[in-house]
Amino acid sequence: PEMLAALTELRKNYTIGLVGGSDLHKQKEQVGDDVLDRFDYCFSENGLHAFHEGKEFHKQSLTRFLGDENMAKLART
């Protein structure tokens with residue numbers, strides 16, 4: 001709670017964001033269901049899913065980006 005209060009104060013003067021490796025569902029479990037409202041930017045899945053002011057502006061899949069053939073090569077290494 002102290003950290004969230006500090007971030008709320010910080011946001012009054014600065015743009016703040018949350019970056020994490022978890023998916024949005026897990027971030028909501030960890031930070032709260034209102035995570036998209038608490039931060040100006042939220043990046044889940046290491047930036048593959050991105051939000052600004054609560055609205056999604058980017059979503060990418062590693063498989064879609066690399067393609068099936070490259071994913072298979074990656075899985076074998």
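A salt bridge is understood here as a side-chain nitrogen of Lys or Arg lying within 4 Å of a carboxyl oxygen of Asp or Glu. The model under discussion is a predicted one, and five such salt bridges occur in the structure.

Arg38 and Asp34 form one of them, with their closest N and O atoms 3.1 Å apart. Because 3.1 Å falls within the 4 Å limit, the pair qualifies as a salt bridge. Arg38 is partly exposed, at a relative accessible area of 27%, and Asp34 is likewise partly exposed, at 32%.

Two further salt bridges are found within helices. In helix 2, which spans residues 24-31, Glu29 and Lys26 lie three residues apart, about one turn of the helix. Their side chains meet in a salt bridge with an N to O distance of 3.5 Å. Glu29 is exposed, with a relative accessible area of 51%, whereas Lys26 is partly exposed, at 35%.

Helix 5, residues 68-76, contains the pair Glu69 and Lys73; these are four residues apart and therefore separated by about one helical turn. The side chains of Glu69 and Lys73 meet in a salt bridge at 3.7 Å, N to O. Glu69 is exposed, with a relative accessible area of 57%, while Lys73 is partly exposed, at 39%.

Attention now turns to the strands. Strand 3 (residues 49-52) and strand 4 (residues 55-59) run antiparallel and are joined by four bridges. Within this pairing, Ala50 has His58 of strand 4 as its bridge partner. The two strands form a hairpin with two residues between them.

Most residues other than glycine have a negative phi. Glu53, located in the loop between strand 3 and strand 4, is not a glycine, yet has a positive phi of about 50 degrees.

Asn46 provides another case. This residue is placed in the loop between strand 2 (41-44) and strand 3. Asn46 has a positive phi of about 55 degrees, although it is not a glycine. With a relative accessible area of 63%, Asn46 is exposed.

Terms used. Residues numbered from 1 in each chain as written. Predicted model: local features only at pLDDT ≥ 70, side-chain atom pairs only at ≥ 80, totals over all residues. Heavy atoms only, no water. Pairing = 2+ DSSP bridges. Buried < 20%, exposed > 50% of the residue type's maximum accessible area, 1.4 Å probe, protein only.
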